[in-house]
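Okay, thanks for coming, everyone. Let me put the structure up and then walk you through a few spots in it.

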Amino acid sequence: MEGAFRVAIDNRLRFMRMRGMTDPYELAQVQQDYINEFLPRQQELLDKYLTVVPEYVAQHAVSDDEFEQCWALMGGLWNVLEFERIRLIVGLQKQYPQVLEVAKVLGRIADEEGGERVPLGGGNTKKIEHAAPSDIEGVTIGNDLTSMLPSEMAQMVDDDLNGLFVYKFATRNLQNFRYKSAVMHPSHKLQLRRARQKGPMVVCLDTSGSMAGQPERITHALIVKLLQLALRQDRDFLLIAFSYMAKAFEVRQNRARLLDFFRKQASGDTDVTDMLELCIDTLMSKPEYMSADVCLVSDYKMPVANDSLMKRVMDLRERGTRFYGLQIGETSFKEWPRYFYRIWQLNYKLNIRPSYVMK
């Protein structure tokens, strides 16, 4: 809802500029007037959501994880029909556990400081006391009142923003400090490993005609889960959809576009060359993308690309990029696994549950 509020203000200012209004003081006054007009409506809507949404969630036994994934796609606007459509997508994650396995690997958390780290296994919790940097690792979202950012505390005590604070608390969207000590796991064995930075997630998604039906619904379930992890971990999440041509967009910044993408049916032929060229160019364009996790999701009814492109893939692997694969269904092409750090095979069944239709 907060994001929708900002978009509404930006749209109003853009409209005023198109009409020739460029004086900064006039624009500032227009912005303030619109805020004064917009906030009461948003407060009324927020109060309604705080009554209706918890009741619906309780009556329909919606888990916290389900609600978080569905709400991330709804743009801050509650709609029962849209919620249930997205919930059907999320429900496929239980039917196909490989989806959650892939998401867990792509969404892993690494030490932000680089150098060496001490990963912990199973057993009793151990904490090593020594001179060290701050325990704060970054910022996450949740509803822990003991670790919320000062900006959230300011909203809590502000009469005009208190309702927004309550809403963010109820939906577990408060900005909280993330502490390393909170994510350390119990251990009875210590082991040193080279730390890696927490890089972006890149999904190369086959949208050709052979993926129509249940395979594309499974891929939607994976994307929704990865979006949840990207928001939690503040990671870039790039989706490269390809059939006869490849197109890319950043999912976190284009969630409305993702819903439109879900409404389109897979079709066309497959051109893996165009996709790999776009993927490699993207990985090479920014230093932080060199530590990306890349997952190619397809039925793999396609041969590998030419030798020069596949050599570039291997070069990126040597430089720190991890390539994974999710194979949906069976294929006769066996060349792909040698290029991946790991590949999962998912055999699906038809008509296990009623399929959803995004309209």
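So, to start: how are α3 and α4 oriented to each other? Keep in mind that what you're looking at is a predicted model. Helix α4 covers residues 80–95, and α3 packs on it at an angle of about 130 degrees, with the axes 9 Å apart. Anything over 145 would count as roughly antiparallel, and 65 to 115 as roughly perpendicular. The α3 and α4 pair is therefore oblique. As for handedness, α3 passes α4 in a right-handed crossing.

Who's actually meeting whom there? On the α3 side you've got E66, F67, Q69, C70 and L73, and on the α4 side F83, I86, R87, V90 and Q93. Sort the residues of that contact by type and you get 6 nonpolar, 2 polar and 2 charged.

Is it enclosed or open? The buried ones are E66, F67, Q69, C70, W71, A72 and L73. Just after α3, have a look at G75, which takes a positive phi of about 65 degrees.

Setting aside residues up to four places away in sequence, W78 touches Y49, V52, V53, Y56, F67, W71 and F83.

The largest one has 55 residues, and the members touching the most others are W78, L226, F237, L239, L258 and L326. Which helix gives the most to this core? That's α9, residues 214–233, with 9 residues. There's another core lying apart from it, with 28 residues, including I280, M290, M310 and F323.

Last stop, M156. You'll find M156 in helix α6, which runs over residues 150–157. Leaving out neighbours within four places in sequence, M156 is in contact with M148, N162 and F165. And if you follow the chain 13 residues from M156 you get to F169, where the C-alpha atoms of the two are separated by 9.9 Å.

That's my tour, so over to you.

Technical notes
Residues are numbered from 1 along each chain as its sequence is written. This is a predicted model: local features need pLDDT of at least 70, side-chain atom pairs count only at pLDDT 80 or more; totals for chains, interfaces and linings use all residues. Side-chain values use heavy atoms; hydrogens and water are left out. Buried means under 20% relative accessible area, exposed over 50%, partly exposed in between (1.4 Å probe, protein chains only). Helices (H or I, at least four residues) and strands (E, at least two) are DSSP runs, numbered from the N terminus. Contact means heavy atoms within 4.5 Å. A nonpolar core is a set of buried Ala, Val, Leu, Ile, Met, Phe, Trp, Tyr and Cys residues joined through side-chain atoms within 4.5 Å. Axes are lines fitted to C-alpha atoms, for helices over the stretch in contact, and angles run from 0 to 180 degrees between N-to-C directions. Angles under 35 degrees count as roughly parallel, over 145 as roughly antiparallel, 65 to 115 as roughly perpendicular and the rest as oblique. A crossing is left-handed if the near helix is turned anticlockwise from the far one by less than a right angle, and right-handed if clockwise. Ala, Val, Leu, Ile, Met, Phe, Trp, Tyr, Cys and Pro count as nonpolar, Asp, Glu, Lys and Arg as charged, and the others, Gly among them, as polar.
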